[in-house]
Structures are given as C-alpha cells and as structure tokens.
Amino acid sequence: MKLKVWIIRIVLIILILGWMYVIFGFSADDGDKSQSLSDKITFRVMKIIKPDYKKLPKKEQHEFFMTVSKTVRKIGHFGEYGILGTLVTGLLLTFERIRNVSRKWYIYLMTVGWCLLYAISDEIHQGFVKGRNARPIDIVVDVLGGFVAAVIMVAIWKAINKRKEAKAS
C-alpha cells in the first residue's frame with residue numbers, strides 16, 4: 001500500500017511540475033503570439049454564442065470581440081490554475097495526516113498558497129516578456145481557479161470516503 005501511495009505522489013509531483021512548465025510556456029509567449037492564440041479561441045467561441053457576428057455593425061463587432069476576448073483570457077487563467085489546484089489538492093490528499101485534519105481549510109490554504117506563489121512569480125515573469133505585462137487581477141483569477149478546484153476535489157474526496165464508509169458498515 002505504501003509503495004502505491006508513493007508512486008501516486010511521484011506521478012502527481014511530475015504532473016504538477018509539468019503543468020507549471022506549461023503555464024510558464026504560455027507566459028513566455030510574446031504579446032503577439034499570446035494574443036494570436038487568444039484571438040483564435042475567441043473567434044471559435046463567438047461563432048458558438050453569436051453566429052451572426054459578421055452581420056453586426058463594425059463598432060458592435062469590435063466591442064463584442066473585446067468583451068469575449070477578455071472573458072476568454074480570464075477563463076484561460078482560471079482554468080490553468082484550476083488544473084494546478086486540482087493536482088496540488090490531489091497530492092495533499094495522498095497524505096493521511098492531511099486527510100484526517102478535521103478542518104479541511106488547511107488543504108484549501110495550502111493549495112491557495114501554492115497557486116498564489118506561482119501566480120505571483122508567473123505575473124512577474126510576464127512583466128519581462130516583450131508585449132506582455134503583469135496584471136494583479138490575473139493573480140486573483142488564478143488563485144480563485146486553484147481555490148475552486150480545491151473545493152471540488154475535497155468534495156469529491158468526501159463523497160468517495162462516505163461511500164466507502166457506507167459499504168464497510
């Protein structure tokens with residue numbers, strides 16, 4: 001059993017580091033490359049939510065595009081750190097001592113702390129990339145993504161644990 005847990009932990013650590021590398025890679029893209037990727041995603045989203053976008057007057061097209069683009073970028077931040085939060089929480093839940101803490105806020109605090117530190121370093125990094133800048137609001141969105149993921153992971157863990165306990169009794 002202990003070997004299995006250690007293998008899971010090692011895999012999760014590798015996944016966490018790999019995902020942090022992916023986030024770093026997105027942050028290392030210069031402003032043009034980052035905007036190009038966001039624009040591609042934005043156009044796909046716009047086709048789904050407003051198929052007649054091209055029929056709008058140019059000014060409305062631009063306003064709509066800018067609104068959707070900003071939303072897509074924030075959802076991207078939220079999602080990136082949601083994945084990081086999921087992996088970090090998964091790693092924390094492999095430790096019995098952490099799982100057995102009566103108040104699960106400790107898990108949330110550790111996950112949010114991890115995401116906060118990485119989000120700050122990520123934004124600082126972006127501040128040095130051509131065409132990019134650091135935005136404090138992105139740190140907030142990043143941390144929120146990590147926190148929401150931690151809450152979901154703990155809820156899933158609790159549900160699985162209750163089901164196991166019910167079967168055992």
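Leu144 is partly exposed, with a relative accessible area of 45%, where partly exposed denotes the range between buried, under 20% relative accessible area, and exposed, over 50% (1.4 Å probe, protein chains only). Leu144 belongs to helix H6; helices are DSSP runs of H or I with at least four residues, numbered from the N terminus. The model is predicted, so that local features need pLDDT of at least 70 and side-chain atom pairs count only at pLDDT 80 or more, while totals for chains, interfaces and linings use all residues. Residues are numbered from 1 along each chain as its sequence is written, and side-chain values use heavy atoms, with hydrogens and water left out.

Leu144 is one of the residues of a nonpolar surface patch of about 620 Å², made together with Phe78, Phe147, Val148, Val151, Ile152, Ile156 and Ile160. Patches consist of residues with over 30% relative accessible area and no salt bridge, nonpolar side chains (Val, Leu, Ile, Met, Phe, Trp, Tyr) being joined within 5 Å and like charges within 9 Å. Accessible areas come from the Shrake-Rupley method with a 1.4 Å probe, and for residues only the protein chains shown count as cover. Helix H6 supplies the largest share of the nonpolar patch, seven residues.

A patch of positive charge is also found on the surface, where Lys40, Arg44, Lys47, Lys54 and Lys58 gather. Lys and Arg count as positive and Asp and Glu as negative, whereas His and the chain ends are not counted. The place of a charge is taken as NZ of Lys, CZ of Arg, CG of Asp or CD of Glu. Three residues, the largest share of the positive patch, come from helix H2 (residues 31–49). Lys58 lies in helix H3 (residues 58–92) and counts as exposed because its relative accessibility is 68%.

Side chains of opposite charge can pair when their charged atoms come close. Two salt bridges are found in a search of the whole structure, a salt bridge being a side-chain nitrogen of Lys or Arg within 4 Å of a carboxyl oxygen of Asp or Glu. In one of them, Lys33 pairs with Asp29, and the closest N and O atoms are 3.8 Å apart. Lys33 is exposed at 52% relative accessibility, whereas Asp29 is buried, with a relative accessible area of 16%. A salt bridge also joins Lys74 to Asp138, with 2.4 Å between the closest N and O atoms. Lys74 lies in helix H3 and Asp138 in helix H6 (residues 136–168), so this pair ties together parts that are 64 residues apart in sequence. Asp138 is buried, its relative accessible area being 2%.

A pair of aromatic rings is described by the distance of the centres and the angle of the planes. The structure holds five aromatic pairs. Rings of Phe, Tyr and Trp (its six-membered ring) pair if their centres lie within 6.5 Å; planes under 30 degrees apart count as stacked, over 60 as edge-to-face and the rest as tilted. Among the pairs is that of Tyr81 and Tyr118, which is tilted because the ring centres are 6.4 Å apart and the planes stand at 40°. Tyr81 lies in helix H3 and Tyr118 in helix H5 (residues 105–127), so the pair ties together parts that are 37 residues apart in sequence. Tyr81 is buried, with a relative accessible area of 0%, and Tyr118 is buried at 14% relative accessibility. The rings of Trp105 and Tyr106 have their centres 6.3 Å apart and their planes at 80°, so this pair is edge-to-face. Trp105 is partly exposed at 49% relative accessibility, as is Tyr106 at 36%.

Thr111, in helix H5, is buried with a relative accessible area of 0%. Between the C-alpha atoms of Thr111 and Val45, 66 residues apart along the chain, the separation is 30 Å. Ser121 also lies in helix H5 and is partly exposed, with a relative accessible area of 33%. Ser121 and Val72 are 49 residues apart along the chain, and their C-alpha atoms are separated by 22 Å. Gly131, in the loop between H5 and H6, counts as exposed at 65% relative accessibility. From Gly131 to Tyr108, 23 residues apart in sequence, the C-alpha to C-alpha distance is 34 Å.

Technical notes: Helix = DSSP H or I, 4+ residues; strand = E, 2+ residues; numbered from the N terminus.
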